[in-house]
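Take a look at it first, then read the points below.

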Amino acid sequence: MAFTLVRRNAAAAKERGSLPAGPVAAVLAVALLAALTAAVACGSTSIPPGEVWSVVWRRLSGEAPRPGTDDLIVWQLRVPRALLAALVGAGLGVVGTAVQALVRNPLADPYLLGVSNGASLGAVVSIVLGLGAGGALGLGLSGAAFAGALATFALVWAVARRGGGFAPLRLVLAGVAIGQFLSGFTSYLVLQAGDEQQTHSVLFWLMGSLSGATWELLALPAVAVPAALLWLQARARGLNALLMGDETAAGLGIDVTRLRRELFTVTSVLTGVLVAVSGAIAFVALMVPHVCRLVVGGGHRRLLPVSALFGALLLVVVDIVCRTAMDTQELPVGVVTSLLGAPALLYLLDRRLGSGS
Amino acid sequence: MRIDIEDLHVAYAGRTVVAGARLVAAEGEITGLVGPNGSGKSTLLRTVYRHLKPTAGRVLLAGTELREMTPLQSARHVAALPQERGSDFELTVREVVAMGRTPYKRAFAGEDAADRDVVAQALTDVGMAEAAGRRFTALSGGERQRVLLARAFAQDPDVLVLDEPTNHLDIRHQVDLLVLLRAQRRTTLVSLHDLNAAASVCDRLHVLHEGAVVASGPPRDVLTPALMAEVFGVRAAVVDHPLTGDPLIAFDHRAAADEAPTAVPLETPTRG
């Protein structure tokens with residue numbers, strides 16, 4: 001009896017093709033820790049992993065840092081950057097998962113909601129008009145980007161709420177239309193930008209980059225990403241219900257209009273934060289939940305934390321590639337995610353068409 | 001638990017779709033809603049499972065007005081099977097059925113043993129226990145509908161609300177589903193397009209026409225040739241079903257009510 005039961009469970013698990021989330025999360029967490037260590041160790045000056053942890057330990061335990069360049073490189077440059085990659089990657093994984101439930105489309109992307117275009121416009125205005133800290137990548141730029149994101153959010157909200165309920169199609173159409181409108185402005189400003197240096201920093205930013213990482217820059221995502229994850233995790237059942245449809249969700253006791261409104265707010269603010277600190281990094285938010293769904297299934301209780309971990313791991317690894325692939329200069333992280341993401345997306349689309357769904 | 005709908009008005013997309021409907025779904029009975037397309041059946045049901053709010057009038061659940069309960073409270077008593085089919089998010093059959101436990105769970109709470117038992121029982125009740133690990137979207141239409149019914153069962157409701165549950169099902173799956181419904185001892189409010197299915201399965205019928213209930217009663221009293229002509233615009237005879245004895249509506253598929261010659265006697269075939 002017990003034997004048949006076990007066999008049946010095993011058969012069910014095999015048929016579903018998904019793995020238990022606990023072990024998957026544990027493996028991802030260990031891999032993330034290894035990737036973070038590698039990210040700090042690798043670079044123009046390589047630093048042994050033991051030395052990496054010894055510097056980090058000294059700093060964390062409050063001991064006086066050993067004088068020398070290792071401390072500077074590890075603690076001031078590479079640790080913040082690795083942590084920024086992890087936070088932004090985790091945030092993109094989480095926000096992608098949430099937006100896909102919000103608009104009920106497993107291939108949706110948070111950038112569909114227009115907020116990232118607003119952030120880009122804010123950033124470009126700051127660079128070109130020199131409102132930011134001398135046009136350099138810094139808090140001034142992030143602040144302008146975040147302001148642009150919030151203004152766009154308000155605009156999309158005003159358009160999407162008419163007709164009531166933030167219906168998925170209406171939300172996407174409002175987001176795409178307003179986003180395109182704003183990106184037209186952005187392009188115009190880039191063309192108008194006189195000097196080459198400005199154009200370069202604008203392009204670098206638009207493609208998505210982690211090169212502006214500082215400890216100060218980490219503060220906002222370090223609060224926003226865990227807070228959003230926790231908020232969403234508390235509503236995992238509501239997100240599941242939204243996948244089946246608004247009527248089903250209402251029948252399960254979910255206040256659908258309110259949940260959508262809150263989801264739209266949380267995902268927009270989080271997207272705004274992420275774009276403000278790293279530019280619009282392509283494809284991660286689209287791909288990560290999709291891949292994780294294939295591994296642990298579609299239920300959000302498991303999907304959200306696994307997406308966060310996988311997103312973090314992916315972006316930390318990609319950033320290592322970006323920093324070390326070329327000797328002379330580093331690549332914007334968005335370039336590599338696009339190059340990896342586009343073929344992966346085509347593969348997944350093909351797979352979906354092939355399965356007839 | 002009984003449902004009382006009193007002078008219900010509902011506007012949907014700026015149009016008043018339900019205008020002054022009143023009906024009772026009695027405890028433990030299967031109450032059918034029939035009526036032509038656009039007569040307000042789905043809209044009325046949506047107010048019972050709280051997807052839509054009434055613009056006027058009341059929906060009472062065992063004497064308590066719905067709006068006095070939180071959505072979660074009423075969802076512990078009323079489970080719905082809307083006409084939605086879900087989208088492809090890699091959910092398993094088991095996960096879809098487990099959604100029925102939503103009204104009972106606090107934030108962050110996982111499934112406990114009792115939840116798992118309820119879900120397993122619901123899957124067994126609809127004959128889908130073997131499919132628990134399969135992907136929901138990989139199922140056939142009939143299987144999906146049974147899984148969604150199991151999700152409604154897993155909600156452990158006193159009242160089931162079903163919107164056209166037999167749509168898009170072949171005849172065998174229609175029969176299976178209606179048999180399942182009859183086997184339940186729950187108060188059931190169901191809209192059906194198929195008048196013959198409604199006549200066999202429902203204890204009482206309410207006919208909706210332009211947003212109002214124009215006839216109520218046992219199927220045999222309600223489904224008359226005159227009503228077929230007036231509400232549905234078709235010619236029909238009502239006879240006894242040779243196998244079950246239920247009312248059987250035989251439609252004239254050759255002409256609508258207002259096009260056909262009125263004087264054709266029903267007893268004598270006009271063709272030799």
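1. A word on terms before we start: helices and strands here are DSSP runs, a helix having at least four residues and a strand at least two, numbered from the N terminus. Please also keep in mind that this is a predicted model.

2. Let's begin with chain B. The UniProt record, an unreviewed entry, places the feature "domain: ABC transporter" at residues 3–235 of chain B. In the model, that span is 33% helix and 27% strand, and its end C-alpha atoms lie 33 Å apart.

3. Now to a helix pair in chain A. Helix α9 (residues 215–234) of chain A packs against helix α12 (residues 256–278) of chain A at an angle of about 155°, and their axes are 10 Å apart. Angles over 145 degrees count as roughly antiparallel, so α9(A) is roughly antiparallel to α12(A). The crossing of α9(A) past α12(A) is left-handed.

4. Which residues make this contact? From α9(A) come Leu217(A), Leu220(A), Pro221(A), Ala224(A), Ala228(A) and Trp231(A), while α12(A) brings Val266(A), Leu270(A), Val273(A), Leu274(A) and Val277(A). By class, the contact of α9(A) with α12(A) has 11 nonpolar residues, with no polar and no charged ones.

5. Finally, have a look at where the two chains meet. Chain A puts 31 residues into the contact and chain B 32 residues. On the side of chain A that touches chain B, the elements giving two or more residues are α1 (2–16), α9, α10 (236–244), α11 (246–251) and α13 (284–296) of chain A. The residues of that side of chain A divide into 11 nonpolar, 10 polar and 10 charged.

Terms used:
Residues numbered from 1 in each chain as written. Chains lettered and ligands numbered in written order. Predicted model: local features only at pLDDT ≥ 70, side-chain atom pairs only at ≥ 80, totals over all residues. UniProt positions renumbered as here; feature names shortened; annotations may be inferred. Axes fitted to C-alpha atoms, helices over the stretch in contact; angles between N-to-C directions. Parallel < 35°, antiparallel > 145°, perpendicular 65-115°, else oblique. Left-handed = near helix turned anticlockwise from the far one by under 90°. Contact = placed C-beta atoms within 7 Å. Nonpolar A, V, L, I, M, F, W, Y, C, P; charged D, E, K, R; others polar.
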